[in-house]
Amino acid sequence: MLGICRGRRKFLAASLTILFVPAITWIYLFAGSFEDGKPVSLSPLESHSPRYTASSQRERESLEVRVREVEEENRVLRKQLSLAQGRGPAHRRGNHSRTYSMEEGTGDSESLRAGIVAGNSSECGQQPAVEKCETIHVAIVCAGYNASRDVVTLVKSVLFHRRNPLHFHLIADAIAKQILATLFQTWMVPAVRIDFYDADELKSEVSWIPNKHYSGIYGLMKLVLTKTLPSNLERVIVLDTDITFATDIAELWAVFHKFKGQQVLGLVENQSDWYLGNLWKNHRPWPALGRGYNTGVILLLLDKLRKMKWEQMWRLTAERELMSMLSTSLADQDIFNAVIKQNPFLVYQLPCFWNVQLSDHTRSEQCYRDVSDLKVIHWNSPKKLRVKNKHVEFFRNLYLTFLEYDGNLLRRELFGCPSEADVNSENLQKQLSELDEDDLCYEFRRERFTVHRTHLYFLHYEYEPASDNTDVTLVAQLSMDRLQMLEAICKHWEGPISLALYLSDAEAQQFLRYAQGSEVLMSRHNVGYHIVYKEGQFYPVNLLRNVAMKHISTPYMFLSDIDFLPMYGLYEYLRKSVIQLDLANTKKALIVPAFETLRYRLSFPKSKAELLSMLDMGTLFTFRYHVWTKGHAPTNFAKWRTATTPYRVEWEADFEPYVVVRKDCPEYDRRFVGFGWNKVAHIMELDAQEYEFTVLPNAYMIHMPHAPSFDITKFRSNKQYRICLKTLKEEFQQDMSRHYGFAALKYLTAENNS
């Protein structure tokens with residue numbers, strides 16, 4: 001507040017300087033040119049006058065130099081003030097308001113194409129366009145897995161520059177809603193509200209319009225926003241998903257105040273020759289005004305559009321034009337332009353830097369002279385980043401900056417703006433406040449409550465579970481250093497897979513490029529990749545497992561690890577075992593015996609007999625027998641060698657087998673992070689819930705060698721790490737006793753005896 005007042009005083013002082021310094025200077029000069037009440041000429045032609053002395057000449061020359069200096073200072077001040085007027089605060093409804101420099105949209109097409117329009121030289125009494133805490137409303141139509149990824153980059157670019165609360169209205173299909181609802185819920189960005197509108201319910205509104213555009217039926221849904229969005233919402237900015245902002249969206253929001261008369265649509269002129277109809281022989285586009293308008297960025301005055309009966313207006317126009325055009329080529333854009341052709345008074349033409357259209361053969365280069373001119377970049381070509389443009393490398397780098405930008409850094413508060421109460425955020429703060437920051441294990445305890453931003457189904461996913469209710473999903477988690485295991489697992493397991501990947505934003509893009517370059521991965525649509533973004537110093541292994549478990553569509557799941565390759569045919573074998581052992585009606589955990597090899601190149605055994613032979617030759621070993629025997633000893637490998645039918649084993653301390661269970665089994669305990677006790681605790685809870693452990697006689701999995709993880713290195717080298725793990729383990733056992741009563745006392749006894 002104090003800074004704003006000081007800024008205004010400086011502005012006023014500078015203005016007074018410009019107004020009064022020249023006046024005072026000339027008054028002084030004029031007064032100085034009188035002697036004895038008579039005017040004295042300052043012209044050098046009269047220097048011969050006896051009254052004109054050498055000293056007065058020097059004085060006059062000195063004054064002339066001073067005048068020139070003052071004029072130069074004024075010129076600099078005017079330049080600074082013109083910049084300040086474009087950026088500085090001004091009055092409106094109180095002292096907390098802020099205004100932005102607005103570029104005029106005019107009918108002068110040459111100015112618009114160049115994107116060079118002077119800012120408003122607002123006077124003291126002019127009302128600013130956007131208040132500091134005014135909420136900006138943004139509508140986006142989003143459907144499917146790829147569009148959900150694109151939306152994130154758009155939102156990042158908006159959040160990076162914004163200084164106002166935002167309200168996103170997302171018209172989304174079921175897929176996009178599931179992805180984006182989880183993403184924003186876990187992102188927890190202050191002063192951002194999200195509302196969803198069911199795109200599938202809107203299909204009937206536009207399904208009668210044939211559309212050739214690659215956006216399909218969803219590309220027509222901007223036409224029905226007046227009907228879809230809340231009736232009390234007066235204005236909204238509508239954006240395509242392939243938009244990148246290079247400025248504060250408040251500047252665009254402020255343009256609404258420039259609409260006059262019946263102007264209800266703010267649009268940028270189309271920068272290609274499409275609507276001129278000269279791209280090829282017999283090219284026949286929809287009717288448009290001149291070059292037409294691009295609908296990648298739209299300003300909608302919803303209240304006025306409703307009063308004008310917009311719904312009836314566009315429908316009648318579309319019906320009439322479709323009689324001859326038969327279908328749309330550019331989806332909603334064709335219909336918007338046909339309406340504007342008939343009603344040009346509806347449109348307010350935005351300067352073209354509000355929608356720099358990067359498709360081949362556009363006039364986008366005429367929209368800017370300098371990088372600072374850019375406002376919004378629109379990748380409206382199907383080629384996207386591969387489009388032809390003289391400055392495409394710069395645009396690509398700008399886009400990639402937001403693509404790989406750490407989204408956690410955008411969780412910043414808008415100081416001075418009240419935020420709506422967020423129950424999740426308040427609960428989190430309460431939980432964290434109850435922790436003792438002086439506790440040596442504080443960071444371990446804190447990790448349990450950390451909310452990690454999560455992007456579900458990062459790649460296309462398409463799978464319908466088998467109708468016989470025997471389907472099994474392989475569940476695992478990984479980080480970037482285990483990416484090379486994905487192709488091998490896909491070759492060994494043909495069934496559905498659910499993977500949680502712990503990655504940074506930049507690593508997520510590396511993974512995307514890796515997956516898109518792999519024929520094996522791209523041929524599989526039944527693999528769900530769920531990105532959990534990095535935050536904090538620990539690897540949240542059990543959170544990752546829970547994310548992967550939660551998002552399966554089959555009745556059963558195989559809880560594995562990414563370093564293991566299942567035997568060939570295990571998927572079908574497990575489906576048969578599910579029926580044989582009546583897993584649907586009994587609490588069973590089916591154990592898949594685990595083995596390991598120390599060889600990076602392994603001739604994978606194709607049968608149990610071949611595996612036993614390799615075991616005898618020392619090519620394979622029972623898993624961790626030389627490091628952590630207790631982890632898998634209860635499996636009873638000696639019995640497994642000759643077993644032909646499933647057999648039951650009892651729980652023992654530190655048992656951590658890999659199991660097949662129903663999808664309703666308990667989650668992993670999040671207090672265990674990094675290395676140690678993360679699986680042991682889960683198996684203990686299964687036993688406490690009276691699961692029966694049954695070993696499958698003809699199933700196996702093999703652990704492949706790899707470099708030690710960072711977490712196991714910390715466990716081995718850091719004494720405090722081991723102390724904290726022991727403390728968490730004891731607390732977990734106490735929680736088990738409280739929750740499961742007398743039956744859980746055996747876990748304390750077993751631990752003391754081990």
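Entry 1, rings. I began with a cluster in this predicted model, in which ring pairs link W253, F256, F259 and Y348. I then searched the whole structure for aromatic pairs, and the search returned 31 of them. From these I picked F564 and Y658, whose ring centres are 4.7 Å apart and whose planes meet at 55°, so I noted the pair as tilted. Since F564 belongs to strand β20 and Y658 to strand β25 (residues 658-662), the pair ties together parts that are 94 residues apart in sequence. I also checked accessibility for both partners: F564 is buried, with a relative accessible area of 1%, and Y658 is buried as well, at 2%.

I looked up two cases in which a charged side chain lies over an aromatic face. The charged end of K375 sits over the ring of F353, 6.0 Å from the ring centre, while R545 lies over the face of Y668 at 5.1 Å from the centre of that ring.

Is S560 buried or exposed? I found a relative accessibility of 6%, and because buried means under 20%, S560 counts as buried. S560 is placed in the loop between β19 (556-559) and β20 (564-566). With neighbours within four places in sequence left aside, I listed its contacts as L474, V475, A476, Y658 and M701; Y658 is the residue I had already noted as the ring partner of F564.

I turned next to helix α10 (residues 310-325) and helix α11 (residues 332-342), whose axes come within 9 Å and cross at roughly 100°. Because angles of 65 to 115 degrees count as roughly perpendicular, I recorded α10 as roughly perpendicular to α11. On the α10 side the contact is made by W310, M313, W314, T317, A318, R320 and E321, and on the α11 side by I335, F336, A338, V339 and Q342. Sorted by class, the contact of α10 with α11 has eight nonpolar, two polar and two charged residues.

Last, I looked up K304, which is found in helix α9 (residues 302-307) and is partly exposed, with a relative accessible area of 33%. Which residues does K304 contact, leaving aside its neighbours within four places in sequence? I found G261 and V264. I also noted that the C-alpha atoms of K304 and E234 are separated by 8.0 Å, although these residues are 70 residues apart along the chain.

Conventions. Residues are numbered from 1 along each chain as its sequence is written. This is a predicted model: local features need pLDDT of at least 70, side-chain atom pairs count only at pLDDT 80 or more; totals for chains, interfaces and linings use all residues. Side-chain values use heavy atoms; hydrogens and water are left out. Axes are lines fitted to C-alpha atoms, for helices over the stretch in contact, and angles run from 0 to 180 degrees between N-to-C directions. Helices (H or I, at least four residues) and strands (E, at least two) are DSSP runs, numbered from the N terminus. Angles under 35 degrees count as roughly parallel, over 145 as roughly antiparallel, 65 to 115 as roughly perpendicular and the rest as oblique. Contact means heavy atoms within 4.5 Å. Ala, Val, Leu, Ile, Met, Phe, Trp, Tyr, Cys and Pro count as nonpolar, Asp, Glu, Lys and Arg as charged, and the others, Gly among them, as polar. Buried means under 20% relative accessible area, exposed over 50%, partly exposed in between (1.4 Å probe, protein chains only). Rings of Phe, Tyr and Trp (its six-membered ring) pair if their centres lie within 6.5 Å; planes under 30 degrees apart count as stacked, over 60 as edge-to-face and the rest as tilted. A charge sits over a ring if NZ of Lys or CZ of Arg is within 6 Å of the ring centre and within 35 degrees of the ring normal.
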